[in-house]
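Colleague: I'd like to learn how to read the strands and helices here. Can you walk me through a few features?

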Amino acid sequence: MSRIALVDDDRNILTSVSMTLEAEGFEVETYNDGQQAFDAFNKKLPDMAVLDIKMPRMDGMDLLQRLRQKTSMPVIFLTSKDDEIDEVLGLRMGADDYVKKPFSQRLLVERIRALLRRQDAMDGNVVAETEDTKVIERGELRMDPLRHAVSWKGKDVSLTVTEFLLLQALAQRPGFVKSRDQLMDVAYDDQVYVDDRTIDSHIKRLRKKLRMVDSEFSAIETLYGIGYRYNEE
């Protein structure tokens with residue numbers, strides 16, 4: 001049973017969403033603000049966190065930033081319809097997805113399940129060797145899907161599940177262009193809709209992490225109006 005942390009200062013959302021998730025077989029922990037959640041996470045991390053952005057004491061952005069210093073567990077943001085800037089910033093900081101309020105609870109459940117399935121695969125629960133589980137070595141890049149391990153020039157790079165999947169899709173066929181639609185298919189289930197900006201934000205975050213270990217990293221190329229490709233260096 002997966003443990004989901006739901007963090008929101010709206011008690012109605014905490015009650016209704018937790019009831020839905022529990023009915024779907026999840027174990028749910030609810031928190032009224034980011035500080036309360038952070039204190040609990042320091043004792044035991046959940047399998048996934050669903051965070052509101054605007055909360056008292058510690059908001060969702062601050063909580064995400066602290067979480068990314070210690071874990072790459074999946075994180076989904078809950079945002080209001082006018083929080084476009086916060087959505088993009090959240091994705092750049094390492095959130096895996098966002099859902100706008102008001103939202104379909106069925107859609108939220110599907111996104112949670114999709115990210116948990118990918119996390120399970122990255123944690124090594126899928127052991128059969130397939131194209132998606134083979135170790136990838138492209139120049140200075142090394143990716144081990146079964147261990148969810150990435151290194152560049154021998155230095156470890158910590159990626160979220162979505163970031164890992166996007167880099168894997170690009171590095172599997174260096175020199176070939178992947179459109180945004182193709183990358184959406186890699187990172188999201190068919191029933192989950194995302195727009196181009198979401199993929200772009202993930203790619204920007206991915207580049208930033210790789211440039212933290214190598215300021216001259218340039219292997220991921222943008223082809224404006226077309227998509228992205230990985231150029232083996």
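Predicted model: local features only at pLDDT ≥ 70, side-chain atom pairs only at ≥ 80, totals over all residues.

Colleague: What joins strand E8 to E9, and in which sense do they run?

Modeller: The general idea is that strands of a sheet pair through backbone hydrogen bonds, either parallel or antiparallel. Two strands count as paired if DSSP finds at least two bridges between them; strands are DSSP runs of E with at least two residues, helices are runs of H or I with at least four, and both are numbered from the N terminus. Here, 2 bridges join E8 (residues 149-152) to E9, and the two run antiparallel.

Colleague: What is the strand order in that sheet?

Modeller: The order is E6-E7-E8-E9, an open sheet of 4 strands with antiparallel pairing. Strands E6 (136-138) and E9 (155-156) are at the edges, each pairing on one side only. Helix H6 (residues 161-171) packs on this sheet, touching E6, E7 (141-144) and E8. Contact means heavy atoms within 4.5 Å. The direction of H6 makes about 120 degrees with that of E7; axes are lines fitted to C-alpha atoms, for helices over the stretch in contact, and angles run from 0 to 180 degrees between N-to-C directions.

Colleague: Is strand E4 enclosed or open, and why?

Modeller: Burial tells you: buried means under 20% relative accessible area, exposed over 50%, and partly exposed in between, with a 1.4 Å probe and protein chains only. In E4 (residues 75-79), 5 of the 5 residues are buried, so the strand is largely enclosed by the rest of the structure. Val 75, Phe 77 and Thr 79 cover one side, with Ile 76 and Leu 78 on the other.

Colleague: Which strands pair with E4?

Modeller: E3 (residues 48-52) is joined to E4 by 4 bridges and runs parallel to it, with Val 50 opposite Ile 76. E5 (residues 97-100) also pairs with E4 in the parallel sense, over 4 bridges, and there Val 99 is the bridge partner of Leu 78. Together, E3, helix H3 (residues 60-67) and E4 make a right-handed β-α-β unit. A crossover is right-handed if, with the strands pointing away from the viewer, the path from the first strand over the helix to the second runs clockwise.

Colleague: What about the hairpin of E11 and E12: which residue takes a positive phi?

Modeller: That's Gly 225, with a phi near 80 degrees, in a hairpin that has 3 residues between the strands. E11 (residues 220-223) and E12 pair in the antiparallel sense over 4 bridges, with Gly 227 as the bridge partner of Leu 223. Gly 227 also stands opposite Ser 179, as E10 (residues 177-179) is joined to E12 (residues 227-230) by 3 antiparallel bridges.

Colleague: Last one: which residues of helix H7 are buried?

Modeller: In H7 (residues 180-187), Arg 180, Leu 183, Met 184 and Ala 187 are buried. They cover an arc of only 105 degrees around the axis, judged by the directions from the helix axis to the C-beta atoms, which puts them on the same side of H7. Asp 181 and Asp 185, on the other side, are exposed.

Terms used. Residues numbered from 1 in each chain as written. Heavy atoms only, no water.
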